[in-house]
Amino acid sequence: MVKFVAKFPIKPECTDDYIAGLRPCVEKTRQEPGCLEYAVFFDLETNICTLMETFADEAAAKAHTEYSHFVHDFAALSKYYAGEVTVDKYSESLF
């Protein structure tokens, strides 16, 4: 199992447009083979969108980055970023 926690700082004036653009990508990702979880959280105080992504294995995680909805949608959404995106990867469960 592979888990990613990605944080996207979003320009406050673009929140609604960002969320509208993100929704189709999230819905498509949730249908990918090997996608176990794709949860989205948005903190209105900090304007940070957090994606919690869990894939069955490395192959499913890699395939995710090659789907057109990832490649094109995330490139299109980058215009809404207010700073650097961070992504943390976890592959070993402690318990």
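Predicted model: local features only at pLDDT ≥ 70, side-chain atom pairs only at ≥ 80, totals over all residues.
Q: Okay, how many salt bridges turn up in the whole structure?
A: The search finds 3. A salt bridge here is a side-chain nitrogen of Lys or Arg within 4 Å of a carboxyl oxygen of Asp or Glu.

Q: Which residue does Glu37 pair with?
A: Lys3, at 2.7 Å from N to O. Glu37 sits in strand β2 (residues 35–43) and Lys3 in strand β1 (residues 2–9), so the pair ties together parts 34 residues apart in sequence. Strands are DSSP runs of E, at least two residues, and helices are runs of H or I, at least four, numbered from the N terminus.

Q: And what about Lys89?
A: Its side chain meets that of Glu58 in a salt bridge, 3.0 Å from N to O. Lys89 is in strand β4 (residues 86–90) and Glu58 in helix α2 (residues 58–64), 31 residues apart.

Q: New topic: are Glu66 and Lys62 buried or exposed?
A: Both are exposed, meaning over 50% relative accessible area, with buried under 20% and partly exposed in between (1.4 Å probe, protein chains only). Glu66 and Lys62 also form a salt bridge, with their closest N and O atoms 2.4 Å apart.

Q: Where does Glu37 fall on that scale?
A: Glu37 is partly exposed, at 30% relative accessibility.

Definitions and conventions:
Residues numbered from 1 in each chain as written. Heavy atoms only, no water.
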